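Hello,

Here is the structure we talked about handing over. My notes follow it.

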Amino acid sequence: FAISVGLILWSWQGVILGYLGLRMLTYVYLGICFFLWIRKTRPQRTQLFPLRFTFTKYHWIVAAIFVVGVFGQTNRFIPTGFIFPQGVYIFTPAADDAFWHGSLTNQLVKNFPPQEPGLTGIPVTNYHYWSNMVIAEFTRVFGIPVMLMQFVYAPIFMSLLFGAISF
């Protein structure tokens with residue numbers, strides 16, 4: 001639940017600060033969140049790893065199902081975005097849509113509100129780019145390459161979240 005709320009707040013700050021033209025305040029937002037997290041968890045942290053887990057046979061079975069599920073959902077996306085001698089490899093069920101989303105994410109990294117990919121000076125209207133906004137903010141703030149974030153890290157992260165929700 002907390003990760004979902006965190007992602008929603010992350011994208012909201014990107015949209016609000018983007019419309020206000022104050023995107024650099026994202027670093028202040030991160031600093032405030034880190035400070036509040038440290039302040040809230042300081043009394044609870046007495047050791048480096050305070051929780052001790054004992055894995056039973058049931059836990060190992062569930063962990064194996066979790067790992068197989070994450071790999072099964074994301075194995076087709078892993079090579080996407082890497083540069084090979086033949087060029088950039090894009091493999092998704094809808095590769096033409098992948099180019100659009102990669103371009104839109106790149107526009108969100110550079111501009112807010114984004115411009116239509118391929119059309120200079122035309123803003124994107126009547127399109128839901130919220131999921132692209134989350135990825136673009138991670139790319140912009142942490143310097144992760146757009147293609148790797150869009151097609152490798154984000155699908156793995158989402159698959160991990162789906163698995164964690166079901167657990």
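How many nonpolar, polar and charged residues are there in the lining of the second largest pocket? The lining has 10 nonpolar residues, 1 polar residue and no charged ones. Here Ala, Val, Leu, Ile, Met, Phe, Trp, Tyr, Cys and Pro count as nonpolar, Asp, Glu, Lys and Arg as charged, and the others, Gly among them, as polar.

The model is predicted: local features need pLDDT of at least 70 and side-chain atom pairs pLDDT 80 or more, while totals for chains, interfaces and linings use all residues. Numbering runs from 1 along each chain as its sequence is written, and side-chain values use heavy atoms, without hydrogens and water.

The pocket holds about 250 Å³ of space. Its lining includes Trp10, Tyr29, Cys33, Phe138 and Phe142. Two or more lining residues come from each of helix H1 (2-20), helix H2 (26-41) and helix H5 (130-142); H1 gives the most, with 6. A pocket is an open set of points on a 1 Å grid over the protein atoms alone, where a 1.4 Å probe fits, with protein on both sides within 12 Å along at least five of seven lines; lining residues have an atom within 4 Å of a point. Points are joined across faces, edges and corners, and the volume is the space filled by probe spheres set on them.

For the chain overall, 6 helices and 2 strands follow the order α-α-α-β-β-α-α-α. These are DSSP runs numbered from the N terminus (helices H or I, at least four residues; strands E, at least two). Of 167 residues, 31% count as buried, meaning under 20% relative accessible area with a 1.4 Å probe, protein chains only.

Regards

Conventions:
Buried < 20%, exposed > 50% of the residue type's maximum accessible area, 1.4 Å probe, protein only.
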